[in-house]
2 protein chains.
Amino acid sequence: MKVYNNPGRNQWADLVRRPVIDKESLSKTVENIVKTVQQEGDAALLRFAILFDVSAPENIAVSDGEMLQADALLSPGLKDAINSAYTNIYAFHNAQREPEKIIETAPGVRCWRKSSAIEKVGLYIPGGSAPLFSTVLMLGIPAQIAGCREIVLCTPPDRNGKIHPAILYAARITGVTKIFKTGGAQAIAAMAYGTETIPKVYKIFGPGNQYVTKAKEWVQQDGVAIDIPAGPSEVLVIADKTCNPDFVAADLLSQAEHGADSQVILLCDNLPLVERCLREVETQLENLPRKTIALKALSLSKAIVLGSLDECLEFSNEYAPEHLILASENASNLIPQIVNAGSVFLGKYSCESAGDYASGTNHTLPTNGYAMSCSGVSLDSFVKKITFQELSREGLEIIGKTVQTMARAEELAAHANAVSIRIKEKNNG
Amino acid sequence: MKVYNNPGRNQWADLVRRPVIDKESLSKTVENIVKTVQQEGDAALLRFAILFDVSAPENIAVSDGEMLQADALLSPGLKDAINSAYTNIYAFHNAQREPEKIIETAPGVRCWRKSSAIEKVGLYIPGGSAPLFSTVLMLGIPAQIAGCREIVLCTPPDRNGKIHPAILYAARITGVTKIFKTGGAQAIAAMAYGTETIPKVYKIFGPGNQYVTKAKEWVQQDGVAIDIPAGPSEVLVIADKTCNPDFVAADLLSQAEHGADSQVILLCDNLPLVERCLREVETQLENLPRKTIALKALSLSKAIVLGSLDECLEFSNEYAPEHLILASENASNLIPQIVNAGSVFLGKYSCESAGDYASGTNHTLPTNGYAMSCSGVSLDSFVKKITFQELSREGLEIIGKTVQTMARAEELAAHANAVSIRIKEKNNG
């Protein structure tokens with residue numbers, strides 16, 4: 001990690017900047033894939049599978065047989081782990097249900113909001129070396145609580161045309177309704193426009209590489225909603241003298257092992273402590289299976305010494321990290337100063353991996369500075385809130401004059417008439 | 001209005017389809033405007049003002065003097081109306097504050113969400129014939145309640161380089177921090193990237209023509225959040241024999257007068273009633289100042305007779321209207337059947353114009369079918385919800401095994417280490 005010792009404020013803008021991904025070059029490729037799927041449906045999916053994934057699955061749809069098989073194949077230990085994670089994630093997201101609250105804004109004017117599940121949602125689970133079944137829980141559980149009628153899951157199969165049993169198991173317990181063996185930009189297009197076998201959905205969720213991300217941006221222009229634009233994962237750790245450097249090192253590494261493009265930042269109010277943490281990183285790095293990846297990520301990472309914890313928090317707010325770890329015994333006192341972050345981990349026993357898997361919070365979070373304007377995925381992401389209003393005759397009479405005055409000032413006479421014709425009725429009756 | 005008497009299900013897909021706007025043709029123009037503003041800042045704004053708005057304002061920023069002037073110019077009657085609307089809208093949106101709720105998902109594992117205002121937001125208010133000060137209230141009030149630090153408002157000035165006093169008054173009482181005289185795609189670009197005088201914001205709100213909408217889509221690709229993609233306004237009225245045809249007609253017309261492209265749909269379970277409503281539309285139309293506009297809109301509008309109220313609601317859900325009016329004495333019994341809609345108006349005294357101005361609900365709503373996946377603007381639109389978690393040593397020990405098992409199955413050893421190193425500490429200590 002590169003160490004920056006008390007950089008001037010004028011350097012902050014550079015230090016918080018993320019590596020820029022050249023979307024233009026992707027654009028044409030993705031446009032071509034998306035449009036082909038839109039026009040040719042399943043046939044295109046199979047062709048792209050051969051082109052990109054080496055082998056095309058016999059059937060795009062996962063069969064009941066495969067679901068049962070997965071259940072048998074999965075180790076009891078992993079099953080238990082998935083089940084306990086499920087319980088915690090369910091508890092946290094279920095508490096996000098919003099009770100209907102009727103507000104009488106004026107006598108006889110009753111207004112409220114009602115949450116209504118998005119009927120059809122699509123979940124994308126990337127393939128690659130490891131099976132990301134935890135993301136199935138993070139997306140499937142809130143969809144299940146919301147009551148989405150159709151929950152479609154797309155994920156690329158392995159070289160043998162199979163999907164990891166843990167993914168299938170997590171899909172089953174979260175009530176996913178249909179699972180398809182397809183990945184990449186073509187899977188996003190399939191869920192956005194529908195094919196002969198894959199139903200069209202209204203909103204698409206899930207992480208992915210830059211092709212997947214670009215495809216999500218593309219279909220968004222066509223009216224399909226998406227969760228959040230995804231970028232490389234990030235952690236920012238703020239550590240002070242009360243921290244345990246071994247723990248800090250472990251947290252930096254657990255982010256670094258994600259990928260060569262993982263963003264890792266350490267903020268601290270004193271240099272010797274930074275040096276201790278970095279020495280410990282070296283030590284722990286040695287025994288990591290994904291050492292090479294972690295090394296790549298660390299080579300681009302920053303350890304920054306600032307004048308005070310307050311300055312560290314200011315910097316963190318300008319960076320707006322996906323994950324923010326406060327490695328301090330006084331973590332909770334710092335909460336009021338946190339303005340921009342996806343998910344925050346307080347104190348020495350709240351490691352990011354706890355939140356990645358089982359604390360109950362969602363791990364689908366805003367990256368690349370989106371924490372300035374976006375929340376992570378929650379139950380809210382799977383519902384829309386419909387507003388309702390019911391006015392009594394008296395209610396309309398009370399606000400009627402206001403409506404008519406404003407409507408006329410906006411030169412909308414018919415808006416005013418809609419009120420006057422109703423009020424007149426009473427005077428006649 | 002064209003009458004469709006019991007169309008077959010196979011025709012529904014056509015009947016719910018919106019007119020397609022050719023975005024491609026816009027794309028280049030908007031791209032050029034946006035990039036020019038990004039590169040040249042204020043200079044570009046002035047040039048485009050001369051090009052599109054005939055005259056360029058002396059100063060882009062509205063002065064304190066102009067604010068005071070507006071206060072003096074505004075009629076007391078309109079001021080009162082704006083103030084009472086403010087009170088109702090404030091009451092409804094203030095009730096949307098979410099209390100922090102700590103969930104202990106497992107002993108010693110505490111998780112919660114904290115709402116944090118988006119620091120910098122931009123509100124766009126279109127110009128044109130009428131001053132849309134009501135939209136200033138609808139966007140400014142939730143921003144004010146959320147506590148956004150910087151609330152920027154852009155709106156095109158009139159031919160004399162002035163902004164309507166009602167817009168300035170509404171901006172003042174909602175705590176808008178800066179107001180600028182610029183409109184169109186260039187205003188969106190200015191708020192997205194910032195200029196010498198206009199600050200960059202993180203999220204942009206507000207309606208506008210197709211250039212504005214396209215510009216919002218464009219800057220969204222660049223990481224600036226937007227409220228909802230906007231399209232022409234829509235109403236769908238479901239009427240049964242218990243309705244008052246005069247009221248139904250008035251509601252259809254108050255939507256039709258918005259613009260030639262307004263979407264107006266009447267659903268009913270019997271033909272004679274439809275014919276009565278349409279005759280009444282003819283009558284009321286005569287005295288409307290915006291008759292020509294309303295006529296254009298009505299010529300493209302649909303009155304559809306279906307077999308039952310249930311079918312009407314099914315059709316409405318497939319259409320997903322921005323505004324849904326239930327012109328029936330049994331309106332509230334139909335609520336459970338409503339799945340997709342922006343805002344719903346129940347019973348004979350709940351006219352859309354009440355919600356457009358003063359009932360308290362927001363009038364910035366999803367159009368063009370977005371009600372299938374999106375909510376209208378609310379307090380939620382101006383905050384992000386940051387998740388927090390705090391684990392005690394015991395808490396980590398309880399979920400630790402789950403985290404480690406899942407991390408190893410996802411081949412993320414460092415994620416597992418972050419737990420084991422913390423649990424080990426205890427055994428040693």
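Predicted model: local features only at pLDDT ≥ 70, side-chain atom pairs only at ≥ 80, totals over all residues.
## Overall build of chain A

Chain A contains 17 helices and 14 strands, and its C-alpha atoms fill a box of roughly 90 × 60 × 45 Å along the principal axes. Of its 429 residues, 63% count as buried, and among contacts with a separation of 6 or more, 75% come from residues 24 or more positions apart.

The chain exposes about 15900 Å², of which carbon and sulfur atoms supply 52%. Its side chains include 41 positive and 48 negative ones, and the centres of these two sets lie 5 Å apart.

## Relation between the copies

Chain A is superposed on chain B by a rotation of 180° with 0.0 Å of shift along the axis, at an RMSD of 0.0 Å. The two copies are thus related as by a two-fold rotation axis. Because 100% of the interface residues of chain A are also interface residues in chain B, the copies meet through the same surface.

## Aromatic pairs

Over all chains, a search of the whole structure finds 12 aromatic pairs. In one of them, the ring centres of Phe247(A) and Tyr349(A) are 6.5 Å apart and the planes stand at 50°, so the pair is tilted. Phe247(A) belongs to helix α10 and Tyr349(A) to the loop between β13 and α15, so the pair ties together parts 102 residues apart in sequence. Phe247(A) is buried at 3% relative accessibility, and Tyr349(A) is buried at 11%.

Phe48(B) and Phe52(B) form a stacked pair, 5.7 Å centre to centre with 5° between the planes. Both lie in helix α3 of chain B, four residues apart, about one turn of the helix. Phe48(B) counts as buried at 8% relative accessibility, whereas Phe52(B) is partly exposed at 43%.

Technical notes: Residues numbered from 1 in each chain as written. Chains lettered and ligands numbered in written order. Heavy atoms only, no water. Helix = DSSP H or I, 4+ residues; strand = E, 2+ residues; numbered from the N terminus. Buried < 20%, exposed > 50% of the residue type's maximum accessible area, 1.4 Å probe, protein only. Contact = heavy atoms within 4.5 Å. Areas by Shrake-Rupley, 256 points an atom, 1.4 Å probe, with all protein chains shown as cover. Lys, Arg positive; Asp, Glu negative; His and termini not counted. Charge placed at Lys NZ, Arg CZ, Asp CG, Glu CD. Least-squares fit on C-alpha atoms with pLDDT ≥ 70 in both. Phe/Tyr/Trp six-rings, centres within 6.5 Å; stacked < 30°, edge-to-face > 60°.
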